[in-house]
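The following report concerns the fold of one protein chain. The sequence and model are shown first.

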Amino acid sequence: MQTSRRVWTFSRGLDIRFNHLYQIGKEQVKVGLIGANWMGSFHSIGLNNVRQAYHDVEPIFEHVADVNASAAKLAAERFGYKKVSTDWHDVINDPEVELV
């Protein structure tokens with residue numbers, strides 16, 4: 001039997017979600033990124049700055065995927081993503097990832 005798990009998406013209501021994490025006392029949220037080029041970089045930069053708004057919630061860059069392997073590797077080096085993939089399914093199915 002497969003258990004369902006909630007993976008929060010980055011695109012809608014991120015402020016509400018980080019506020020919720022802050023209120024329940026969660027200290028870290030593990031992030032997965034799909035698409036590592038231009039917009040992915042901006043999302044990573046924004047998440048990197050989240051500590052300014054929510055001092056007790058720290059994003060952990062867990063998994064990045066891009067069809068361009070070199071772009072994914074560059075994002076991993078630049079932002080510290082632990083895992084690199086060329087298949088977005090790997091990010092979605094990663095049990096460590098809490099926010100995509």
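## Terms and basis

A crossover is right-handed if, with the strands pointing away from the viewer, the path from the first strand over the helix to the second runs clockwise. Helices (H or I, at least four residues) and strands (E, at least two) are DSSP runs, numbered from the N terminus.

The model is predicted: local features need pLDDT of at least 70, side-chain atom pairs count only at pLDDT 80 or more, and totals for chains, interfaces and linings use all residues. Residues are numbered from 1 along each chain as its sequence is written, and side-chain values use heavy atoms, with hydrogens and water left out.

## Overall architecture

The protein has four helices and three strands, arranged along the sequence as α-β-α-β-α-β-α. Of contacts (heavy atoms within 4.5 Å) between residues at least 6 apart in sequence, 65% join residues at least 24 apart.

## Strand pairing

Two strands pair if DSSP finds at least two bridges between them. Strand β2 (residues 58-65) pairs with β1 (residues 28-34) in the parallel sense over seven bridges; here lysine 30 stands opposite isoleucine 60. β2 also pairs in the parallel sense with β3 (residues 83-85), over three bridges, and valine 64 has valine 84 as its bridge partner in β3.

Together with helix α3 (residues 69-79), β2 and β3 form a right-handed β-α-β unit.

## Burial and surface

Buried residues (under 20% relative accessible area, 1.4 Å probe, protein chains only) account for 37% of the 100 residues. In β2, seven of the eight residues are buried.

The accessible surface (Shrake-Rupley method, 1.4 Å probe) is about 6400 Å², of which 52% belongs to carbon and sulfur atoms.

Methods
Buried means under 20% relative accessible area, exposed over 50%, partly exposed in between (1.4 Å probe, protein chains only).
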